[in-house]
Amino acid sequence: MRRDSGREGLRVARLDNGLTVILREMRQVRLVSVWCWYRVGSRDERPGITGISHWVEHMNFKGTRTISKDDVTRLVELAGGTWNGYTWLDVTTYFETVQSAALEEMLRLEASRMTDCLYPEAEVERERTVVISELQGGENDPRCYLEREVGGTALQAHPYRWPTIGYLSDLRAITRDDLYRHYRTYYAPNNAVLVVAGDLEARKTLGLVRRIFGRIRRGGDPSPVRTVEPPQSGERRVRLRRPSGAVYLDFAFHAPAAPDPDFATLLVADGILAGGPSVNAWAANSGRGPGKSSRLYRALVEGDLASEVVTALVPSRHPYLYRIMPTAKEGVDPGRIEAVLLGEIDRLARGDIQARDLDRAKNQFLARYALESESVTDVAHQLGFFETIDSHQLYLDLPRRVRRVTAEDISRLARQRLDEAHRTVGILVPAQGAPPPPPAGGATGGPRP
Amino acid sequence: MMPARSVTIPARSVRLDNGLLLIARENRAARSIAARVVVEAGCAFDPPGKEGTAALLAGLLDRGAGNLSAEAIAEGFEFLGATYVARAQRDTLDIEIRLLSEHLPQILDRLRLLLVEPTFPDEEVRREKESTLTAIAEREQDTASVAEEALAAALFPAGHPYHSRRLGTRESIRGIGRDDLRSFHRARLRPAGTILVLAGDLEADRTLDRAAAVFGAWRDGGTAEPRVAVPDVRPPEAPVTIVRPIEGKTQADIALGFVGLPRRSPDLPAAMVLNNVLGEFGLGGRLGKAVRERAGLAYYAYSRFAPGLGAGPFLVRAGVASGRVTRAVGLIRRTIQALRCGVTPAEVKDSKRALSASVPRYMETNPEAAAFLADAAFYGLGIDYPDRLPAQIEAVERREVEAAAGKYLTLGRHVLVVAGPQIKEEEIR
């Protein structure tokens, strides 16, 4: 077993079978959070089996050779715990946050899930309709259509272009054998990362992990994604017409991959534009309001054009998308929103960035980084997420990277990546009924500079 | 040195002469603090015809206060990396601020200014009203919101505090002016009854003193209104079925609800266990088993109840494809009926254990602990509630769970709403 001790309270090791283990002591409460990560997500699919990684995740809650279906969740809840799992572009993960006395039981659960899931035909069929229901529930929100169209337009070759939930036709066609093959291909210790954070003693826990996971045999090494998205060489536009309560806009730009030094630059640029994203894909925006001192809030919301502006920048292994998504106020021409929004990006490109803008954006990022490091669940998530897409060191290094970003960096990034040739603009307008009534109070104000 | 390792960290509190309750809870694990304010100014207290007032007010507290502009207030929080969120819930108006502990003094001063001296500038009021109208239009297309709002409107008669929508209606929003906001603020945002919890990297006694110095001078701006009693309602005499078609939807949201219980009800621990058995434990209790796991009908099928100052709804929710609504409603009805016939000792044991053992987790982070304590204090349950709650749950007996099922889940005295694709009402009646 190779091992290296990292920072205080952090221990990282790799077992002989290739399993990466990250342990973080946080002794303030008697809780532990156990996350088992797999390097598999929608990027590892192809048309015909889109959505399979997510469906496999569902199947892995249906019992194993040693743990009954009921006990997969029951054991967690009896330990005062919460559990869940999710699938995204690069990752599939499962977690339990429980009273620390139940740590060993949770490790056994995850070890069993890695190798022993059952996949009975009847369960596959029942889950087919559940997953389709999840897809259709999402489609009840008209923004889902816009997000899908814009994502699939901005990316034309890379497998990040299809939705993690999959296409309906594929969900209807995927077979039990497809699912089981996917499971067996990607669920192996050498393709996994196990993270435990909380009330634990690292040395003892590592021994326990070795006992429980060490016996699992190494699998084959899954093939990496080879496709690189070809450069975009002109603006792309999508216009949708669907029943909707509002006009929605979605501006997508090609974002740098998380390990790219420019990722931190875009974090700060988004801070100036919109108050900064969370880099925690699980906690997302919990507890955060809109950045009311940000440029887009002031220009679009205070400028009486949009009722809100949301941005998204999720860390990913390969270049994905940076998105700006305003909701138009009733009666506002989306063209006005576009002009003002692009004007704000142009300000960045021209270098119109004051020291205070930069400091505010960095302060916001660094404070959020600290606030999101409070809970054992968040900490275990972040270490595991970054290790799965690149390295946990990248997560630990983000504050340093953010502190070093300069106004020139942002201006260069805006010129190179947020320009016309690299953007996709999507607009969804309501399809049905009478036009919405005019806003209360009458006239709307003009855009701000 | 390792911090104390009690199951939950004790909190300290002090009530100021003006009636404000201050609570502090020390947790040195990170250099952060969560502040939570809870005021009895939720949308249940919107003046008649002015529904949406509380939600507007919540959106406007930081849009001008004292001699500070909205811009200056936003800059004040955000330059420090602090986050500020205010929201009108049903009973309460809640504010949550997350901050680095070194900024506590500035943030406390700022919080006082927002609570006590909001200015409601005309421009900001107009803008907030317009954004609310957009949000109302969006909610009218949202099957989950439509189902739950229609359910509340049918369970609670017009004029009841729980009847109306949180955001109000287009008409009520248009009719709200700056004077309405000022008088709502004067009547309901008062030190008496307000709770401020500070949880995190702080020294409890010193922090209570500091907060007392900041908030001690807050005096009622006008007539102090006593705590409002939310009247009891009689459940419907016959089942009510409502179908709300919404264009362009592939999936229907089902809400089947009963009149539940208030937070101070002695039935509360039994109702928690009942709800856990019915629609929470594992993948959604018995409901999740019947509707999702066995029938594969839905991604979500669960129950929850919302006890408040008054008896909030006890409801079952599920989202299913349009062709499966009839079958899902049938399964939901049969699951409730079966539950009324009895629960097993094993179910009760598991649910009690799951609920009581979860309490430390509810209190893990500073924002969670602050919210839990503020909620307990608001409903008069005391700041030691997190310590008492596990024993209350463990003491629940099986017959009490069954009695609660008999009392609160009476089919025939329910409201059923289906929002989404057009379906025939007679099929689900």
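This is a predicted model: local features need pLDDT of at least 70, side-chain atom pairs count only at pLDDT 80 or more; totals for chains, interfaces and linings use all residues.
Residues are numbered from 1 along each chain as its sequence is written, and chains are lettered from A and ligands numbered from 1 in the order in which they are written.

## The interface between chain B and chain A

Chain B contributes 68 residues and chain A contributes 77 residues to the contact, where contact means heavy atoms within 4.5 Å. About 6,300 Å² is buried between chain B and chain A, and carbon and sulfur atoms give 49% of this area. Buried area here is the accessible area (1.4 Å probe) that two parts lose on being put together, summed over both.

The interface of chain B and chain A holds 13 salt bridges; a salt bridge is a side-chain nitrogen of Lys or Arg within 4 Å of a carboxyl oxygen of Asp or Glu. One of them joins Glu130(B) to Lys329(A), with 2.7 Å between the closest N and O atoms. Both residues belong to a network of salt bridges that links Glu302(A), Asp304(A), Lys329(A), Arg63(B), Glu123(B), Glu124(B), Arg126(B), Arg127(B) and Glu130(B). Between chain B and chain A there are also 40 residue pairs in polar contact (both at pLDDT 80 or more). A polar contact is a pair of N or O atoms within 3.5 Å; within protein, one must be able to donate a hydrogen and the other to accept it, and residues adjacent in sequence count only if both atoms are side-chain atoms.

On the side of chain B that touches chain A, helix α4 (residues 122-139) of chain B gives the most, with nine residues. Helices (H or I, at least four residues) and strands (E, at least two) are DSSP runs, numbered from the N terminus. This side of chain B comprises 24 nonpolar, 17 polar and 27 charged residues. In this classification Ala, Val, Leu, Ile, Met, Phe, Trp, Tyr, Cys and Pro are nonpolar, Asp, Glu, Lys and Arg are charged, and the others, Gly among them, are polar.

## Domains within each chain

Domain bounds come from an automatic or database domain assignment. Chain A is divided into domain 1 (2-213) and domain 2 (236-430), and chain B into domain 1 (11-215) and domain 2 (240-428).

| Domain pair | C-alpha centres apart | Buried area | Share on carbon and sulfur atoms |
|---|---|---|---|
| Domain 1 and domain 2 of chain A | 27 Å | about 3,600 Å² | 73% |
| Domain 1 and domain 2 of chain B | 28 Å | about 2,900 Å² | 70% |

In chain A, 42 residues of domain 1 are in contact with 42 residues of domain 2. Leu146(A), Val150(A) and Ala154(A) lose the most area on the domain 1 side, together 15% of what that side buries. Zero salt bridges are found across this interface of chain A, although nine residue pairs (both at pLDDT 80 or more) are in polar contact. Helix α5(A) supplies the largest share of the domain 1 side, nine residues. That side divides into 24 nonpolar, 10 polar and eight charged residues.

In chain B, 37 residues of domain 1 are in contact with 41 residues of domain 2. Thr143(B), Leu151(B) and Leu155(B) supply 19% of the area that domain 1 of chain B buries against domain 2 of chain B, more than any other three residues. Two salt bridges and 12 residue pairs in polar contact (both at pLDDT 80 or more) occur between these domains of chain B. Helix α5(B) gives the largest share of the domain 1 side, nine residues. The residues of that side are 19 nonpolar, seven polar and 11 charged.

## Individual salt bridges

Over all chains, the whole structure has 78 salt bridges. Glu148(B) forms a salt bridge with Arg304(B), at 2.6 Å between the closest N and O atoms, and another with Arg317(B), at 2.7 Å. Glu148(B) lies in helix α5 of chain B and Arg317(B) in strand β10 (residues 313-321) of chain B, so the latter pair ties together parts that are 169 residues apart in sequence. Glu148(B) is partly exposed, at 25% relative accessible area, whereas Arg317(B) is buried, at 3%. Buried means under 20% relative accessible area, exposed over 50%, and partly exposed in between (1.4 Å probe, protein chains only).

In chain A, Asp71(A) and Arg74(A) meet in a salt bridge of 3.1 Å, N to O. These two residues are three apart in helix α2 (residues 69-78) of chain A, and therefore separated by about one helical turn.

How values were computed: Side-chain values use heavy atoms; hydrogens and water are left out.
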